[in-house]
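Have a look at it first, then go through the points in order.

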Amino acid sequence: MPTKAVLRHISIETPRTNHQRKCSAHQRGKKAHHILKGDTHLVIVEGDDKIRYCREAATEILDQAQRDLDALRLQLDRTAPASA
Ligand SMILES: [Zn+2]
């Protein structure tokens with residue numbers, strides 16, 4: 001059985017054009033900005049939408065995801081049958 005990939009809705013993109021893409025973390029206020037040509041950023045696909053986060057926001061999102069993965073792994077290991 002091939003291992004199921006569960007992170008396929010998350011990717012990193014670096015646009016080659018200045019087509020306007022909103023940063024979902026900074027949509028309004030003083031920090032509001034767009035993601036422009038050359039801005040490597042995190043893309044999360046939710047249904048038909050692509051939600052984009054700039055590098056700064058992506059770092060926090062990936063840190064949180066890492067903590068979530070670590071917690072899942074811990075939970076799995078804790079319930080593992082004792083090896084002989
Ligand atoms: Zn941003």
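1. Start with Ile10: its bridge partner in β4 is Ile44. Strands here are DSSP runs of E with at least two residues, helices are runs of H or I with at least four, and both are numbered from the N terminus. Two strands count as paired if DSSP finds at least two bridges between them.

2. A word on what you're looking at: this is a predicted model, where local features need pLDDT of at least 70, side-chain atom pairs count only at pLDDT 80 or more, and totals for chains, interfaces and linings use all residues. Residues are numbered from 1 along each chain as its sequence is written.

3. Now go to the other partner of β4. Strand β5 (residues 49–53) pairs with β4 in the antiparallel sense over five bridges. Within that pairing, Val45 stands opposite Lys50 in β5. The hairpin of β4 and β5 has two residues between the strands, and Gly47 takes a positive phi near 65° there.

4. Ile44 turns up again with Leu7. These two are 37 residues apart along the chain, yet their C-alpha atoms are separated by 9.5 Å. Leu7 sits in the segment before β1 (10–13). Is Leu7 buried or exposed? Leu7 is exposed, because it has 8 other C-beta atoms within 10 Å. The cut-offs: 20 or more other C-beta atoms within 10 Å of a residue's own means buried, 12 or fewer means exposed, in between is partly exposed, and C-beta atoms are placed from the backbone.

5. Next, the helix. α1 (residues 55–78) has 24 residues and reaches 34 Å from its first C-alpha to its last, close to the 34 Å expected at 1.5 Å a residue. That expected span is 1.5 Å times one less than the number of residues. α1 is hardly covered: one of its 24 residues is buried.

6. Finally, zoom out. Along the sequence the pattern is β-β-β-β-β-α. The radius of gyration is 17 Å, well over the 12 Å that the globule rule gives for 84 residues, so the protein is more spread out than a compact globule. (The radius is taken over C-alpha atoms; the rule is 2.2 Å times the number of residues to the power 0.38.) The C-alpha trace spans about 60 × 30 × 20 Å along its principal axes, and buried residues make up 10% of the 84.
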